[in-house]
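Here's a quick tour of some side-chain contacts. Have the sequence and the model open as you read.

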Amino acid sequence: MLGQSLRSVASTAEVSASFISQAENDKARPRIETLHRIAAALGTTAQALLADASAPSAAVRGDGAVVSRAAQARVISQSDDPADGLVRSLVGGASVFHALEITGAPPEFGEPYKHPGDELLYVVSGRVEVRFGDELFQLGPGDSLSYSGGVPHSTRRLSGDVRLVIVTTAGS
């Protein structure tokens, strides 16, 4: 755990040590908010943890191309309601960027989160509102928003079947 004890990470992330252990062994899947807290406790990002968890399903070719199969990707939920969003990593393993596909979004803003690196949010379908610091942006199909991940941000569903693609630089 990057030089930290299981109990220390669990305490900082406000989860039990047994939950961290179960998540490490693929016996439990944290929700995205919990994954953000665990990542912050480890000094990394939720996107990086998802990419690392998806690495076994990504096939690296000799020329460096990486194929990630949808059927083998790790999927986590944002809440108990699937309409609130399912998140899967589109890029497995180490990369200079992370990409997520989010299907669905919660109807209300969740706790804002921040992370190193920059982010691009692209709306494939539906309408969402993004709270970025003190600003609000309403986005529809084909719209995109890029911003610094270091500013607290969160997203909520306005209407339709939401599908988003988020690309984040690995940051430092």
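Let's start with arginine 163, which counts as partly exposed because its relative accessibility is 34%. Keep in mind that this is a predicted model.

Which residue does arginine 163 form a salt bridge with? The partner is glutamate 101, and the closest N and O atoms are 3.1 Å apart. Arginine 163 belongs to strand 9 and glutamate 101 to strand 5, so this bridge ties together parts that sit 62 residues apart in sequence. Glutamate 101 itself is buried, with a relative accessible area of 14%.

Arginine 88 and glutamate 101 are both buried.

The count of salt bridges comes to three. The remaining one to look at pairs the side chains of glutamate 129 and arginine 156, 2.8 Å from N to O. Glutamate 129 lies in strand 6 and arginine 156 in strand 9, so that pair ties together parts 27 residues apart in sequence. Glutamate 129 counts as buried, at 7% relative accessibility. As for shared partners, Arg88, Glu101 and Arg163 are joined into one network.

## Around serine 154

Serine 154 is found in strand 9 (residues 153-169).

Leaving out residues up to four places away in sequence, serine 154 touches Phe109, Gly110, Glu111, Pro112, Glu129, Val130 and Arg131. Two of these neighbours, Phe109 and Arg131, have their own arrangement: the charged end of arginine 131 sits over the ring of phenylalanine 109, 4.5 Å from its centre.

## The aromatic pair

There's one aromatic pair in the structure. Phenylalanine 132 and tyrosine 147 form it, tilted, with 5.3 Å centre to centre and 50 degrees between the planes. The pair links distant parts of the chain, 15 residues apart: phenylalanine 132 is in strand 6 (residues 118-132) and tyrosine 147 in strand 8 (residues 144-148). Phenylalanine 132 is buried at 17% relative accessible area, and tyrosine 147 is buried too, at 7%.

## After strand 9

Alanine 170 lies in the segment after strand 9 and counts as partly exposed, at 30% relative accessibility. Its contacts, not counting residues up to four places away in sequence, are Ser95, Val96, Phe97 and His98.

Technical notes
Residues are numbered from 1 along each chain as its sequence is written. This is a predicted model: local features need pLDDT of at least 70, side-chain atom pairs count only at pLDDT 80 or more; totals for chains, interfaces and linings use all residues. Side-chain values use heavy atoms; hydrogens and water are left out. Helices (H or I, at least four residues) and strands (E, at least two) are DSSP runs, numbered from the N terminus. Contact means heavy atoms within 4.5 Å. Rings of Phe, Tyr and Trp (its six-membered ring) pair if their centres lie within 6.5 Å; planes under 30 degrees apart count as stacked, over 60 as edge-to-face and the rest as tilted. Buried means under 20% relative accessible area, exposed over 50%, partly exposed in between (1.4 Å probe, protein chains only). A charge sits over a ring if NZ of Lys or CZ of Arg is within 6 Å of the ring centre and within 35 degrees of the ring normal. A salt bridge is a side-chain nitrogen of Lys or Arg within 4 Å of a carboxyl oxygen of Asp or Glu.
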